[in-house]
Amino acid sequence: MLPPRHPARMDALNTLAAEMQAAMADEAVLDHRLRHTRSFNDVQAVDAGHAGVIPPLQKIRKTNLSEQLFAGSLKAVQEDENEVAEVVIVCEPEGATLTMGGLHPRGSLYERPVNIDSAKAQHAAFREVLRAHGVRVLTVREILAFGVEERMGARVELEELAADTLTYRIADGHDPADLSEGDRFYLSDDYKRSVVSAMSTSQLIEICLINPTVTLLPSFRDTGLTASYTFEPLSNLVYTRDQQITTCRGIVMGRLRSQQRQKEVELMSYCFNKLGLPVAGRIVEPGFLEGGDFFPMGQDLALVGVGLRSNVEACEQLMARDLLGTRRLGVVRDDFDRDQDRMHLDCVFSVLGERCCIMLETIMGADSPTRRLVDEYVRDPATKKYSLAREGVEFAEFVRGEGFSIIPIKHEHQLAYACNVLNLGKGRIISVHAPSAREIVKHEAFTGDVQVIDFSSVTSIGVTVRAAVAVPQQFSAVKPVGDRVLVKVDKEEAKSVGGVLLPVASQTKQTAGSIVAAGDVGSVKAGDRVVYSKYAGTEMELAGEDHVLIKEEDVIGLMPAGDKIAALKPLGDRVLIKCAEKEKTTAGGVLLASDSGDKPNFGTVVAVGAGKKAEEGKPAEAPNVAVGATVMYSKYSGTEFEEDDESFIVVRESDILAALS
């Protein structure tokens, strides 16, 4: 709070408050535009996978929606390079960061000068290709923007991130003590926070990406200060794989060799936290680890390349802190080549399928002057420690010993990024190099297909399709909290185990399964086989199986495996009714299906639930209908089932219109 004896500062804050109101009004326009982008919708989908409801605003601060729902038990893992990609994170090549980087490509670690408009267009097409393969594509900018308009906690956290990256300093040769008390305020964190609080979302994001420093020089006129600006843009954030690896244990934040890229790691860590994907560990000094040097090869083996970028010290940290989750680690040493064109392991090697890979042919063989050598470490199950088992095994020999067939890549093709392919799983490969793609698809060991895309403007930055994506991969553990349950969905078949057709109209979405985990619920438990509402819940894939996270109230009833629909035990205030046959009349001769094409909306009560959950200390009140009664129900209510040419429907008590006799 500013002392009232400084009216100039009070006027400044009043002006900022007015500007903030105007900026927040503009925010709705930005949010509307972002809301309709594909990536923003993908962020919503991932976030919805973590939360069915928005927590109270006061509880969002310093937390995230996933932790609210899953109590921190969600983690992202990748066991194998050949796993199906579910979620990827990319950074679009646009904005001030790329513009600044393009001013001096060599100093920004770019391969050659870049045309930003062409790079943006090619990257956008690349994202659409990923989505066409069923991958949810999240962009860094839209993760940062997500929820900022609707949730004050999200906005405040983005403001704090921006404030941390924005630096105010006094010019060299000057001392803040030489300034008046009023002017010293404009160097303070209080003033900086008032500035960022007035900014739009796009301004805040841009600050996070360009890391500005404002140097202030006393002018003794006008406002009393003159500003100059320097920036440390995250021009290489578009290499989104480098900042981390994803192992069997989860996300491990790396440590980049280039000092100018260190801030990228913290920004990506912020994005993972916002998505509710906890970080399993971090590489610290003296270790260096970049994502292009890591390949998960299954639950038994992981490969890490060491050379120009990653080092042995990082591998030692991965093993000592059990951040791999594999029995073995293969450290692939680049002792002889050490060339910028082959700086990472994925510059010379990539996995194409379960037992198929590509490798630069000039590094293969014990006599190659640029060969790679593998040191194999094995984890002792008793001590939980890794020890060296084999040393200096030629890389191609090691890979063949793992049962892989190797498709050789020519040297000139490698220089055109032929080895840097993106494996989406199930034999789906994306490449930027057509000649090598032809060789791959003709090889007898490869059973998938390759899609070639134009990435020439993006590769001018040095970015390939593999380097352009971070792969958090699949969710490995879900712990429902509150009134939610996790259901493993029945296999998609025309009929369930009990012969029940679920649902009536289509077999494209199952509505039955077994509860594998439950929160604070009373009517169901883990192990129960249930039928649930067709439109309820959040779908997800765990360990290759379809699951759905639903509220307890969306569970229609219990259905023991092998039983008929008539054995369904409705839950809550639901009632199971056997539908009357079409055109049937009541005992009084009343025709209750007025239109010849309509289904009847009455039938016989087969089973009745125990009633809605009552207030604490009071018993549940069962629906006021009896088994065997004939009832009329609302025409468009309930969930329908068919079995042996008979129709059933489960409705709530409130949907029953009348008892008929």
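In this predicted model, the side chains of Arg333 and Asp375 form a salt bridge, with N and O 2.7 Å apart. Arg333 belongs to strand E12 and Asp375 to strand E15 (residues 373-379), so the pair ties together parts that are 42 residues apart in sequence. Both Arg333 and Asp375 are buried.

**Salt bridges**

Side chains of opposite charge can pair when their charged atoms come close. The structure holds 29 salt bridges. Three of them are set out here.

| Pair | N to O distance | Separation in sequence |
|---|---|---|
| Arg333 and Asp375 | 2.7 Å | 42 residues |
| Asp300 and Arg327 | 2.7 Å | 27 residues |
| Asp242 and Arg261 | 3.0 Å | 19 residues |

In the pair Asp300 and Arg327, the side chains meet in a salt bridge. Asp300 sits in the loop between strand E10 (294-296) and strand E11 (301-306), and Arg327 sits in the loop between helix H13 (312-320) and strand E12 (328-333), so this bridge ties together parts that are 27 residues apart in sequence. Asp300 is partly exposed, with a relative accessible area of 28%. Arg327 is also partly exposed, and its relative accessible area is 41%.

Asp242 forms a salt bridge with Arg261, and their closest N and O atoms are 3.0 Å apart. The loop between strand E6 (225-231) and strand E7 (244-247) holds Asp242, while the loop between strand E8 (250-253) and H12 holds Arg261, so parts that are 19 residues apart in sequence are tied together. Asp242 and Arg261 are both buried.

Some salt bridges share partners. Which residues do they join into one network? The network consists of Asp300, Arg327, Arg328, Glu376, Arg390 and Glu402.

**The protein as a whole**

The protein has 17 helices and 34 strands. Of its 661 residues, 54% count as buried. Among contacts between residues at least 6 apart in sequence, 70% join residues at least 24 apart.

**Nonpolar cores**

The largest nonpolar core contains 45 residues, of which Ile89, Val140, Leu144, Leu158, Leu237 and Leu267 touch the most other members. Which helix gives the most to this core? Helix H12 (residues 262-275) does, with 7 residues.

Leu267 shows how residues from separate places in the sequence meet. Leaving aside residues up to four places away in sequence, Leu267 touches Val140, Leu144, Leu161, Cys208, Leu209, Leu234 and Leu237. Another core lies apart from the largest one and has 23 residues, including Leu301, Cys347, Phe349 and Met359.

**Cysteines**

How many disulfides does the structure have? The count comes to 0. A disulfide here requires two cysteine sulfur atoms within 2.5 Å. The sulfur of Cys208 has its closest cysteine sulfur in Cys271, 9.2 Å away, which is too far for a bond. Cys208 is buried, with a relative accessible area of 3%.

Cys356 is likewise in no disulfide, and the nearest cysteine sulfur, that of Cys357, is 6.5 Å away. Cys356 counts as buried, at 2% relative accessibility.

Conventions
Residues numbered from 1 in each chain as written. Predicted model: local features only at pLDDT ≥ 70, side-chain atom pairs only at ≥ 80, totals over all residues. Heavy atoms only, no water. Core = buried A, V, L, I, M, F, W, Y, C linked by side-chain atoms within 4.5 Å. Buried < 20%, exposed > 50% of the residue type's maximum accessible area, 1.4 Å probe, protein only. Helix = DSSP H or I, 4+ residues; strand = E, 2+ residues; numbered from the N terminus. Contact = heavy atoms within 4.5 Å. Salt bridge = Lys/Arg side-chain N within 4 Å of Asp/Glu carboxyl O.
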